[in-house]
Every structure is written in C-alpha cells, then in structure tokens.
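Please look over the sequence and the model below before reading on. The report then goes through some side-chain contacts and a few single residues.

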Amino acid sequence: MRQHKLALCKDHFLDWVPEQVEHTIRRYHMFTHPDKLLLAVSGGKDSLSLWDILYRLGYVVDGLYIGLGIDGGVRYSDASLEYAQLFAQDRNLNLHVVDIVAEYGESIIELAIRTHRGRYKPCSVCGLTKRHVMNRFARQNKYYAILTGHNLDDEAAILFGNTISWVGSYLLHQAPVLEANRPGLIRKAKPLCRIYEREMAAYALLRGITYIQDECPYATGSTSLYHKAILNKLESDRPGTKLSFYLSFLQAKRNGLFSPSVDQKVESIHTCPECGQPTSAPGRCAFCRMLVPVEEIPEFSQSKGAS
Ligand code: SF4
C-alpha cells in the first residue's frame, strides 16, 4: 500500500483493516458497542465487508436491504439481494428487506418515468427514495444510527464534485458523521470513509466474501465515476492524494472554513404532514411530493377546477 508506505501479509492485512475502522469509529465518535445499529446493505463489497468487520469487532448490527426493482439485463436487484441474504444466513445475522415495488407499487425506474425525473438516469429518484426509506425504517425500529459503506474513493469523488461547483451546503453536510440534529432524523455514519476502495476489494477477496460484481446498470457514465477516474490518476502519480484531499477538507471544516451561515436553510425544522419525516421546507416532504404530485391529490384538483 504505497499510500501508507506499508506492506502487509494476508493475516496482518486482515487485522489492520478492522483496526483502521475501529480507529475511525472512535476518532469521529460514531457509535459505541451497546448502540442499536442499522447498516444499509447493497450486496456489494463495501457494505458486506463493513458488516463483516463490525461483526468481528463485536458490534451488533442489523442489515437493511432496499429492493429498487432494477433489472438492467443482469437481474441487478434480485442478484444483489441474494448475495446479501447469503452473507446474513452464513453468519446468522439479521437482514431486513424493504421492497420498493411491494411498498409503493412502482420500481425506481417506473417512479422516475411517471414523475418525469429521469427516464434514462433514475439516480436522483433512487437517492431520494433510499434516504427516505432508511430514515423511516430506522426511526420506526428505534435504531441509534444508520451506517453506510461509503469508502474513501466515494468520499473523495463527492468532495471533488462539490468543490468543482462550490456547493456550499453540500460541503457543509459532508462528514464522517451526520448528527441527528432535527427531530425524527437518525444519525448517519460512514466507518469506511478513510479506507481506500482497493483496500476494501482486497479485504473482501481475502475474507472470501462473495458479493455482486456488477455495478448498477445506471452507474455507467456517471459523473462520480468520471471524478473517480481523475482522482485515480492523481493517486497513481502521487500516492496518498485522495486521503490527504479528504482529511485536509475535514481539518479545514474543523478550522471553521465552512460555517453554517453558508446555508441558513439548514436550521429549518419541519415535519411532513404525510409521512411524519423531517423536511427542510414547510408542507409535504420531497419524497411524498414525488410519490403523489400535488395535481394528483383529489382535493387539490377539485379546488383548482372550482376556482
Ligand atoms: Fe440508484 Fe443505480 Fe443510480 Fe446508484 S447508480 S443511485 S443504485 S439508480
């Protein structure tokens, strides 16, 4: 690992990765052993490896798989679920499944087409839905925190994109831990945020974890993959660039570079009258507005017709 000026054998590497994750959990005060934790599981290498690491570290973590109804010619959602179930069964872990089609009557793609929010790239609908479902499920079942498998490459690519366009509110919110600072909002943590993607791939391989190798079919050509490719070039020329980019950003935040005044809207607290989830604007939250647009609500159409 040139980025760490470190070379380890298999056994030491398999000890080193959990040590790094434990260090990250403590460094950012993410959670402690008695906390009830929910991990967003996609069936990919990062989320399954994180589950394996937390299990080895003695944390009690349940998994949540969200079935998006994506096929893409590779049975993407069905195959992902099978890997997640296999992993959980082998280790006797608790995996919850929320199926979007069963729950809301439409797959992510159908939702995106019906609401005209991305016929060819349903990613914004997908992201909104996953955030809504994760928070709702964790709230209803009283989890202390939602964990995700974002690794250093993911975080550096997000940071790179937000820096290029200087989106102050996004930079303000990017952190290893997102506090539950509004009623109804569940704490979120990213215990892999300092671990390189290659390190996670090596960990999964050496631990014999089987996971879905296919990317989501809609990830092809995405901006985040493009940014990852640029950062990979920088990393290859100067090992350690991604880590230093991300850690320097966190240090700059601690030094006050991004103050809440960058986006005053973050202080707003409202509750969606439809689903009861927190929302930044008064009225129905973005997810409920997407699910049933205002023009499809009978009272609204009638009053519109009457006027
Ligand atoms: Fe969802 Fe696939 Fe887009 Fe990721 S790439 S946000 S899983 S649709």
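What follows is a short report on ring pairs, charged pairs, cysteines, the ligand shell and backbone angles in this predicted model.

**Aromatic pairs**

A pair of aromatic rings is described by the distance of the centres and the angle of the planes. The structure holds six such pairs. In one of them, the ring centres of Phe13 and Trp16 are 6.1 Å apart and the planes stand at 25 degrees, so this pair is stacked; the cut-off for stacked is under 30 degrees. Phe13 and Trp16 both belong to helix H1, which covers residues 10–27, and because they are three residues apart there, about one helical turn separates them. Phe13 is buried, at a relative accessible area of 8%. Trp16 is buried too, at 12%.

Phe31 and Tyr59 make up another aromatic pair, this one edge-to-face, with 5.2 Å from centre to centre and 85 degrees between the planes. Here the two partners come from distant parts of the chain, 28 residues apart. Phe31 sits in the loop between H1 and strand E1 (37–40), while Tyr59 sits in the loop between helix H2 (45–56) and strand E2 (61–67). Phe31 has a relative accessible area of 6% and is buried. Tyr59 is buried as well, with a value of 6%.

**Charges over rings**

Two rings have a charged side chain over the face. Lys36 lies over Tyr143, at 4.5 Å from the ring centre. Arg91 lies over Phe87, at 3.8 Å from the ring centre.

**Salt bridges**

Side chains of opposite charge can pair when their charged atoms come close. How many salt bridges does a search of the whole structure find? The search gives 16. Some of them are listed here.

| Salt bridge | N to O distance |
|---|---|
| Arg114 and Glu106 | 2.7 Å |
| Asp237 and Lys233 | 3.1 Å |
| Glu274 and Arg284 | 3.5 Å |

In the bridge between Arg114 and Glu106, Arg114 is partly exposed, with a relative accessible area of 28%. Glu106 counts as buried, at 15%.

Asp237 and Lys233 lie in helix H10 (residues 223–237), and because they are four residues apart, about one helical turn separates them. Lys233 is exposed, at a relative accessible area of 52%.

The side chains of Glu274 and Arg284 also meet in a salt bridge. This pair links distant parts of the chain, 10 residues apart. Glu274 is in the loop between strand E7 (270–271) and strand E8 (278–279), and Arg284 is in the loop between E8 and helix H12 (286–291). Is Glu274 buried or exposed? With 54% relative accessibility, Glu274 counts as exposed. Arg284, at 16%, counts as buried.

Salt bridges can also join into a network. Lys45, Asp46, Asp154, Glu197 and Lys228 are linked in this way.

**Cysteines and the ligand shell**

A disulfide is a covalent bond between the sulfur atoms of two cysteines. The number of disulfides in this structure is zero. Cys9 counts as partly exposed, at 41% relative accessibility. Cys216 counts as buried, at 17%.

Cys216 is also one of the residues around the ligand.

**Single residues**

Gly67 is part of strand E2. Its relative accessibility is 4%, so Gly67 counts as buried. From Gly67 to Thr271 there are 204 residues in sequence and 26 Å in space, C-alpha to C-alpha.

Which residues have a positive phi without being glycine? Asn92 is one, with phi near 60 degrees. Asn92 is placed in the loop between helix H3 (76–91) and strand E3 (95–99). Its relative accessible area is 71%, so Asn92 is exposed. His116 is another, with phi near 55 degrees. His116 is found in the loop between helix H5 (108–114) and helix H6 (123–140). At 73% relative accessibility, His116 is counted as exposed.

Key
Residues numbered from 1 in each chain as written. Predicted model: local features only at pLDDT ≥ 70, side-chain atom pairs only at ≥ 80, totals over all residues. Heavy atoms only, no water. Phe/Tyr/Trp six-rings, centres within 6.5 Å; stacked < 30°, edge-to-face > 60°. Helix = DSSP H or I, 4+ residues; strand = E, 2+ residues; numbered from the N terminus. Buried < 20%, exposed > 50% of the residue type's maximum accessible area, 1.4 Å probe, protein only. Lys NZ or Arg CZ within 6 Å of the ring centre and 35° of its normal. Salt bridge = Lys/Arg side-chain N within 4 Å of Asp/Glu carboxyl O. Disulfide = S-S within 2.5 Å. Near = heavy atom within 4 Å.
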